[in-house]
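Hello,

Here is the structure I promised to send over. Have a look at it first, and then read on for my notes.

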Amino acid sequence: MDSGDCTFIQHPSYVVYDKLRFFDMHQLEEMISNGIAIKKDHLSDAVIERIRNGAIASKMTHNNFRKYFIKDSKNPENAS
């Protein structure tokens, strides 16, 4: 990812696919209120697509996440 991909990326960055975790909305809200996470702007569809494709292709992505991203990419509502 590069600066300009979204408002909070300031320098070349990457996604660490082997650190992916599922959180429900309640957990996220609690993490934000406790200062563990910071709420940021939405990502564009194009950036989400790149992250999804990277997760599917990466050997570092755990199978449960790979299956999720493959299933998600076939959902017409998520097509970019």
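**What I found**

The protein chain exposes about 6400 Å², and carbon and sulfur atoms supply 55% of that area; accessible areas come from the Shrake-Rupley method with a 1.4 Å probe, and for residues only the protein chains shown count as cover. Please keep in mind that this is a predicted model, in which local features need pLDDT of at least 70 and side-chain atom pairs count only at pLDDT 80 or more, while totals for chains, interfaces and linings use all residues. Residues are numbered from 1 along each chain as its sequence is written, and side-chain values use heavy atoms, with hydrogens and water left out.

**Overall layout**

The secondary structure comes to 3 helices and 0 strands, running α-α-α from the N terminus on. Helices (H or I, at least four residues) and strands (E, at least two) are DSSP runs, numbered from the N terminus. Of the 80 residues, 20% count as buried; buried means under 20% relative accessible area, exposed over 50%, and partly exposed in between (1.4 Å probe, protein chains only). Among contacts (heavy atoms within 4.5 Å) between residues at least 6 apart in sequence, 53% join residues at least 24 apart.

The buried residues of H2 are Val-47, Ile-51, Arg-52, Gly-54 and Ala-55. They cover an arc of only 165° around the axis, which puts them on the same side of H2; the arc is that of the directions from the helix axis to the C-beta atoms. The face turned away from this buried side carries the exposed residues Asp-45, Ala-46 and Ala-57. The buried residues of H2 pack against H3.

In H3 (residues 63-73), the buried residues are Phe-65, Arg-66, Phe-69 and Asp-72. Seen down the axis of H3, these fall within an arc of 130°, so they line one face of the helix. On the other side of H3, Asn-63, Lys-67 and Lys-71 are exposed. What covers the buried residues of H3 includes helix H2 (45-57).

**The core**

Which residues make up the largest nonpolar core? Tyr-17, Leu-20, Val-47, Ile-51, Ala-55, Phe-65 and Phe-69 do, 7 residues in all. H2 and H3 each supply at least two residues of this core, and H2 gives the most, with 3 residues. A nonpolar core here is a set of buried Ala, Val, Leu, Ile, Met, Phe, Trp, Tyr and Cys residues joined through side-chain atoms within 4.5 Å. Leaving aside neighbours within four places in sequence, Tyr-17 is in contact with residues including Arg-50, Ile-51, Gly-54 and Ala-55.

**Aromatic pairs**

A search of the whole structure finds 3 aromatic pairs. Rings of Phe, Tyr and Trp (its six-membered ring) pair if their centres lie within 6.5 Å; planes under 30 degrees apart count as stacked, over 60 as edge-to-face and the rest as tilted. The rings of Phe-22 and Phe-65 have their centres 4.5 Å apart and their planes at 25°, so the pair is stacked. This pair links distant parts of the chain, with Phe-22 in the segment before helix H1 (25-33) and Phe-65 in helix H3, 43 residues apart.

Phe-22 is partly exposed, with a relative accessible area of 48%, whereas Phe-65 counts as buried at 8% relative accessibility. The rings of Phe-22 and Tyr-68 have their centres 5.5 Å apart and their planes at 85°, so the pair is edge-to-face. Phe-22, Phe-65, Tyr-68 and Phe-69 form one aromatic cluster.

Best wishes
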